[in-house]
Amino acid sequence: MRDDDGYLLANRQREAGVRFDALANLFDATTFRHLQGLGVQPGWRCWEVGAGGPSVPRWLAERVGPGGQVVVTDIDTSWLDEAFDDAGGAVVDVRCHDVGADPAPATGLDLVHARLVLTHVANREKALASMAGALRPGGVLLIEEADPGLQPLLCPDEYGPPQQLANRLRHGFRSLLAGRAADLAYGRTLPRLLRGLGLVDVGADAYFPITDPACTVLERATVEQIRLRLVAAGIATEADIDQHLANLDAGLLPDLATSPLVSAWGRSRA
């Protein structure tokens, strides 16, 4: 998504690659478990929406094999073009695409998947309907979204000044997101929304990592990426941010958490 569209964590920024790697370390195992459970197999045609980084489309490409196809879209494909320039071959098709505005890039699909995308899409209702409408009869939709409203703290165990500062900055980050049309309670609504689209066999669960080293990597990259925004909004001073980053480097924040990742899935009626 473009920074001038109000997205705080634009793909083109240097820190985006670090964030994508950290998110992959945190959530790929959960995503792959769901995709495997939903029956992804050789020959399937898939759409990976708002991929950001290459880890999930690469897994899908290996799974569907040379007889399948993975259409990979994002509004900014900076971190995808190079990854699949040669390695993707005929299986991976990278396209610049805005899921909230553009028609689906393919139809009759076996699988559509999006992770950490729709919370940030202003026209998320249209986007979700487009994704469901791209499925073949019996095709599978898997949507995974964070729900910061369910767990708003970076440090659930707030026992000292470093944790208090970390949580104050996280609260400020959430206020910036909310001011840009992000829905911080979207994850919990997914099962209801999928049923409302007529999908069947709807299920959901949530994953909530704490103390994973990738949480620290993600936090540093995120704060560095939004540093100027935090200062401009009066949420934090440069000294506050420097102190928080120093606390991370000194190991004073070992028990960082992320917002729960809600995964919800359903099938198009056969």
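Colleague: Against which elements do the buried residues of α4 pack?

Modeller: This model is predicted. In helix α4, residues 124-133, the buried residues include Leu128 and Met131. The buried residues of this helix pack against β1 (45-49), β4 (109-115), β5 (135-146) and α6.

Colleague: How many residues of β4 are buried?

Modeller: A residue counts as buried when its relative accessible area is under 20%. Strand β4 is largely enclosed by the rest of the structure, because the buried residues in it number 7 of the 7.

Colleague: Which residue of β4 is the bridge partner of glutamate 48?

Modeller: Strands β1 and β4 run parallel and are joined by 4 bridges. In β4, glutamate 48 has as its bridge partner histidine 113.

Colleague: Which residue of β5 is the bridge partner of valine 112?

Modeller: The pairing of β4 with β5 is parallel and extends over 6 bridges. Within β5, the bridge partner of valine 112 is leucine 141.

Colleague: What is the handedness of the β-α-β unit made by β4, α4 and β5?

Modeller: Strands β4 and β5 pair in the parallel sense. Together with α4, these strands make a β-α-β unit that is right-handed.

Colleague: Is threonine 189 buried or exposed, and what is its relative accessible area?

Modeller: Threonine 189 belongs to the loop between α5 (161-178) and α6 (190-196). A polar atom of its side chain lies 2.7 Å from the backbone oxygen of tyrosine 186. Since buried means under 20% relative accessible area, threonine 189 is buried, at 14%.

Colleague: How far apart are the end C-alpha atoms of helix α7?

Modeller: Helix α7 covers residues 213-232, which is 20 residues. At 1.5 Å a residue, the helix should therefore span 28 Å. The distance between its end C-alpha atoms agrees with this, at 29 Å.

Colleague: At the start of α7, which residue has its backbone nitrogen reached by a side-chain oxygen of aspartate 212?

Modeller: The contact involves a side-chain oxygen of aspartate 212 at the start of the helix. That oxygen comes to within 2.8 Å of the backbone nitrogen of alanine 214.

Colleague: Which residue just after α7 takes a positive phi?

Modeller: Helix α7 comprises residues 213-232. Just after it, a positive phi of about 75° is taken by glycine 234.

Key:
Residues numbered from 1 in each chain as written. Predicted model: local features only at pLDDT ≥ 70, side-chain atom pairs only at ≥ 80, totals over all residues. Heavy atoms only, no water. Helix = DSSP H or I, 4+ residues; strand = E, 2+ residues; numbered from the N terminus. Buried < 20%, exposed > 50% of the residue type's maximum accessible area, 1.4 Å probe, protein only. Polar contact = N/O pair within 3.5 Å; in protein donor to acceptor, adjacent residues only side chain to side chain. Contact = heavy atoms within 4.5 Å. Pairing = 2+ DSSP bridges. Right-handed = clockwise from strand over helix to strand, strands pointing away. Expected span 1.5 Å × (residues − 1).
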